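Welcome! Please take a look at the structure below, and then we can walk through some of its features together.

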Amino acid sequence: MTLPGLRRLLLSTLRPQARWLCDSAGPGSARLMTLLKDRFPQATAVEVEDISGGCGAMYEVWVEAPDFKGLSRVKQHKLITETLKAEIQDMHGLRITTTLPNTT
């Protein structure tokens with residue numbers, strides 16, 4: 001068998017398995033959104049995006065809430081990670097952005 005033929009064979013064999021693993025992973029954006037909205041009921045904005053291509057392996061979250069007033073960025077992010085502690089165990093990564101509502 002030629003090298004290109006072997007490569008095609010391997011890719012055709014492995015792709016369905018990788019796809020299956022991807023489809024079954026992750027808690028989902030809706031679950032994360034619910035947890036964050038429950039934890040920060042006064043939040044003016046909560047956004048969650050799966051940035052792993054729908055796999056559920058990596059998420060980006062943005063929370064704008066008055067709860068963060070007077071806290072360092074590290075403490076703000078710790079509130080997020082504590083809220084999502086159980087879900088984070090199944091993730092590859094989490095990108096967090098926290099802001100205070102504009103009061104002007």
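This is a predicted model: local features need pLDDT of at least 70, side-chain atom pairs count only at pLDDT 80 or more; totals for chains, interfaces and linings use all residues.

Side chains of opposite charge can pair when their charged atoms come close. Searching the whole structure turns up two salt bridges. In one of them, the side chains of Arg-31 and Glu-87 meet at 3.3 Å, N to O. Arg-31 belongs to helix α2 and Glu-87 to helix α4, so this pair ties together parts that are 56 residues apart in sequence.

Are the two partners buried or exposed? Arg-31 is partly exposed, with a relative accessible area of 41%, while Glu-87 is buried, with a value of 10%.

## A salt bridge between strands

Glu-60 and Arg-95 also join their side chains in a salt bridge, at 3.6 Å from N to O. Here Glu-60 sits in strand β2 and Arg-95 in strand β3 (residues 93–99), so the pair links parts that are 35 residues apart in sequence.

Glu-60 is partly exposed, with a relative accessible area of 26%. Arg-95 counts as partly exposed too, at 43% relative accessibility.

## An aromatic pair in the loops

A pair of aromatic rings is described by the distance of the centres and the angle of the planes. The search of the whole structure finds one aromatic pair. Its rings belong to Phe-40 and Phe-68, with centres 5.4 Å apart and planes at 55 degrees, so the pair is tilted. Phe-40 lies in the loop between α2 (29–39) and β1 (45–50), and Phe-68 in the loop between β2 (58–64) and α3 (73–83), so the pair ties together parts that are 28 residues apart in sequence.

How accessible are these rings' residues? Phe-40 is buried, with a relative accessible area of 1%, and Phe-68 is buried as well, at 0%. Phe-40 has a charged neighbour too: the charged end of Arg-39 sits over the Phe-40 ring, 4.7 Å from its centre.

Notes. Residues are numbered from 1 along each chain as its sequence is written. Side-chain values use heavy atoms; hydrogens and water are left out. Rings of Phe, Tyr and Trp (its six-membered ring) pair if their centres lie within 6.5 Å; planes under 30 degrees apart count as stacked, over 60 as edge-to-face and the rest as tilted. Helices (H or I, at least four residues) and strands (E, at least two) are DSSP runs, numbered from the N terminus. Buried means under 20% relative accessible area, exposed over 50%, partly exposed in between (1.4 Å probe, protein chains only). A charge sits over a ring if NZ of Lys or CZ of Arg is within 6 Å of the ring centre and within 35 degrees of the ring normal. A salt bridge is a side-chain nitrogen of Lys or Arg within 4 Å of a carboxyl oxygen of Asp or Glu.
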